[in-house]
Amino acid sequence: MTRKIAILSLIVMISTSMFTVPAFASISDAQTVQQQKKMVNIAHRGASGHAPENTMAAFEKAFVMKADYIEIDVQMTKDGELIAIHDTTVDRTTNGTGSVGDYTLEEIQQLDAGGWFGPEFAGERIPTFEEVIDTYRGKIGLLIELKSAELYPGVEEKVAEALMKRNMHKPNNKKIIIQSFNHASVQQSKALLPNIPHGVLAGTSWANVTDEQLAQFATYADFFNPNMNIVTDELVDRVHHAGMKMYPYTVRTQEQANNLFERNVDGIITDFPEYVYKHPVKN
Ligand code: G3P
Ligand code: CA
């Protein structure tokens, strides 16, 4: 009899431990949800893990997935039109070849910017900057990157004109941010649009950025957005201490996202907006 009871107790103990979630797991999940609710979710080149980058398909996907911002790379055509494309050539993301700046708008919009990603996206065009802001203003935030600005003299003025024409340069407009790896271009843009928050992008060569350099950036920038591989707790603290926020790039796995959440960054720039728990995927 005693032996029967002992065996029964053992079975109860094993089944209980198999099916009961330990208390610490639910606390940790709750903390994670809280952490992520504060996290700004930026869809890199649109939701570019799901649709061809910098196309209306990718921006629309990010909007449907309820990202907080879409990130858009802005360059200029030969005839001075602003367009959304990342590389300085069209080779990787279209069926054409050659430099972006050698195409007129009409020519570049004849290229297929979607077929490389998947047959269902064939026929996507390279959108103009104005088309993107007209479609999404007031609906989702815009993180505008002045890409390779040194190749396009006057690009800062053109972006400023497009925003001012639409009254999108107003004070406290927190849904537009302008950033660049070209820090002179950021300074120039900030002078034209003093009420729009600006950010400096920082590649891995900025891993040892000093407090003095951060203080200098903070004279014109509101964000220090680094390559995620140089993010440490200490760097996050120093950026915050300098009065700036941090949105690291480019998150392509959930593990990378979780690691940045733990570091207390302010948001992440990701190809997959579903990595921020508050916005689950909707197909
Ligand atoms: O927004 C940051 C990120 O877009 C910078 O890198 O090369 O993807 O433009 P890249
Ligand atoms: Ca970019």
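This is a predicted model: local features need pLDDT of at least 70, side-chain atom pairs count only at pLDDT 80 or more; totals for chains, interfaces and linings use all residues.
A cavity here is a set of points, on a 1 Å grid over the protein atoms alone, where a 1.4 Å probe fits but cannot get out; the points are joined across faces, edges and corners, and the volume is the space filled by probe spheres set on them. I counted one cavity of 30 Å³ or more by this rule. For the lining, taken as residues with an atom within 4 Å of a point, I noted Glu53, Asn54, Thr55, Ala84, Ile85, His86, Thr93, Thr94, Ala113, Ile126 and Pro127. By class I have five nonpolar, five polar and one charged residues in that lining, where Ala, Val, Leu, Ile, Met, Phe, Trp, Tyr, Cys and Pro count as nonpolar, Asp, Glu, Lys and Arg as charged, and the others, Gly among them, as polar.

**Conventions.** I number residues from 1 along each chain as its sequence is written, and I letter chains from A and number ligands from 1 in the order in which they are written. I keep to heavy atoms for side-chain values, leaving out hydrogens and water, and I require pLDDT of at least 70 for local features and 80 or more for side-chain atom pairs, while totals for chains, interfaces and linings use all residues.

**Ligand 1.** Around ligand 1, with a heavy atom within 4 Å as the criterion, I listed His44, Arg45, Glu71, Asp73, His86, Glu145, Lys147, Gln179, Phe181, Leu201, Tyr249 and Ile269. This shell has four nonpolar, three polar and five charged residues. I then looked for N or O pairs within 3.5 Å, the limit for a polar contact: an oxygen atom of ligand 1 lies 2.6 Å from a side-chain N or O atom of His44, and I found such a distance of 2.8 Å for Lys147 and of 2.9 Å for Glu145. Ligand 1 taken alone exposes 290 Å², of which the protein buries 91%, with areas from the Shrake-Rupley method and a 1.4 Å probe.

**Aromatic pairs.** I counted nine aromatic pairs, meaning Phe, Tyr or Trp rings (for Trp the six-membered one) with centres within 6.5 Å, edge-to-face if the planes are over 60 degrees apart. Trp116 and Phe117 pair edge-to-face, at 5.5 Å centre to centre and 85° between the planes. Phe217 and Tyr220 also pair edge-to-face, at 6.5 Å and 90°. I noted Phe217 as buried (under 20% relative accessible area) at 6%, and Tyr220 as buried at 9%. Ring pairs link Trp206, Phe217, Tyr220 and Phe224 into a cluster.

How values were computed:
On a 1 Å grid over the protein atoms alone, a cavity is a set of points where a 1.4 Å probe fits but cannot get out, and a pocket is an open set with protein on both sides within 12 Å along at least five of seven lines; lining residues have an atom within 4 Å of a point. A polar contact is a pair of N or O atoms within 3.5 Å; within protein, one must be able to donate a hydrogen and the other to accept it, and residues adjacent in sequence count only if both atoms are side-chain atoms. Rings of Phe, Tyr and Trp (its six-membered ring) pair if their centres lie within 6.5 Å; planes under 30 degrees apart count as stacked, over 60 as edge-to-face and the rest as tilted. Buried means under 20% relative accessible area, exposed over 50%, partly exposed in between (1.4 Å probe, protein chains only).
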